[in-house]
Amino acid sequence: MMNQLKSVLLIVFSTFFFVACKKEKASPEITKENISGTYMLKAATATSALTGSQTLNLYDMMLPCEKDDEVTLKTDFTVLYADAGIKCEQPGDDTGTWNLAGNIITLDGETATVEKFDGSTLIITSEGAENGISFKYTSTFSKKR
């Protein structure tokens with residue numbers, strides 16, 4: 001009876017050990033093949049360098065016709081901007097170029113850092129200035145499947 005109890009406890013312990021040690025799914029590498037695809041903007045913020053904590057929600061300031069636009073990064077380093085869904089008075093359809101060097105992405109000459117890419121969410125940050133005030137911009141995109 002004692003040997004059976006030990007065997008059962010060993011099996012139960014082993015099961016808990018293997019379940020608890022499950023590894024998280026690794027994020028895909030940041031390569032042109034993995035990054036390429038169609039994205040929609042889900043969040044956009046600007047943080048002032050003056051305060052460091054005051055964040056402006058740029059996404060909430062966008063028109064509904066801008067919030068449903070799509071950006072397609074193609075593997076040939078061209079980018080397509082599509083005024084999808086609700087059409088704006090002046091559609092935002094356009095083309096351009098993009099590039100990738102490590103975690104630095106360049107869209108039409110504007111450089112940003114890829115902060116996160118997990119295969120479905122792409123978060124990039126960049127820096128800029130408005131009226132002499134420096135800002136850090138953060139954009140979150142969702143990749144369409």
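Q: Lys-144 first: what is its relative accessible area, and how does it class?
A: Lys-144 has a relative accessible area of 41%, so it counts as partly exposed. Keep in mind that this is a predicted model.

Q: What does Lys-144 form a salt bridge with?
A: Its partner is Glu-70, and the closest N and O atoms of the pair are 2.5 Å apart.

Q: How many salt bridges in total?
A: The count is 2. Besides the Lys-144 and Glu-70 pair, Asp-118 forms one with Lys-116, where the closest N and O atoms are 3.7 Å apart.

Q: How accessible are Asp-118 and Lys-116?
A: Asp-118 is partly exposed at 32% relative accessibility. Lys-116 is also partly exposed, with a relative accessible area of 37%.

Q: Switching to pockets. How much space lies in the largest pocket?
A: About 880 Å³.

Q: Which residues lie nearest its centre?
A: Leu-41, Tyr-81, Leu-107, Ser-139 and Phe-141, out of 29 residues that line the largest pocket.

Q: Which elements give two or more residues to that lining?
A: Those are β1 (37-48), β3 (70-73), β4 (78-82), β6 (104-107), β7 (110-117), β8 (121-130) and β9 (133-143). The most comes from β8, which gives 5 residues to the lining of the largest pocket.

Q: How does the lining divide into nonpolar, polar and charged?
A: The lining of the largest pocket has 16 nonpolar, 6 polar and 7 charged residues.

Q: Back to the whole chain. How many helices and strands?
A: There are 3 helices and 9 strands. From the N terminus the order of elements is α-α-β-β-α-β-β-β-β-β-β-β.

Q: What share of the residues is buried?
A: Of the 145 residues in the chain, 26% are buried.

Q: Last one, on contacts: what share comes from residues 24 or more positions apart?
A: Such residues account for 43% of the contacts in the chain with a separation of 6 or more.

Methods. Residues are numbered from 1 along each chain as its sequence is written. This is a predicted model: local features need pLDDT of at least 70, side-chain atom pairs count only at pLDDT 80 or more; totals for chains, interfaces and linings use all residues. Side-chain values use heavy atoms; hydrogens and water are left out. On a 1 Å grid over the protein atoms alone, a cavity is a set of points where a 1.4 Å probe fits but cannot get out, and a pocket is an open set with protein on both sides within 12 Å along at least five of seven lines; lining residues have an atom within 4 Å of a point. Grid points are joined across faces, edges and corners, and a volume is the space filled by probe spheres set on the points. Helices (H or I, at least four residues) and strands (E, at least two) are DSSP runs, numbered from the N terminus. Ala, Val, Leu, Ile, Met, Phe, Trp, Tyr, Cys and Pro count as nonpolar, Asp, Glu, Lys and Arg as charged, and the others, Gly among them, as polar. A salt bridge is a side-chain nitrogen of Lys or Arg within 4 Å of a carboxyl oxygen of Asp or Glu. Buried means under 20% relative accessible area, exposed over 50%, partly exposed in between (1.4 Å probe, protein chains only). Contact means heavy atoms within 4.5 Å.
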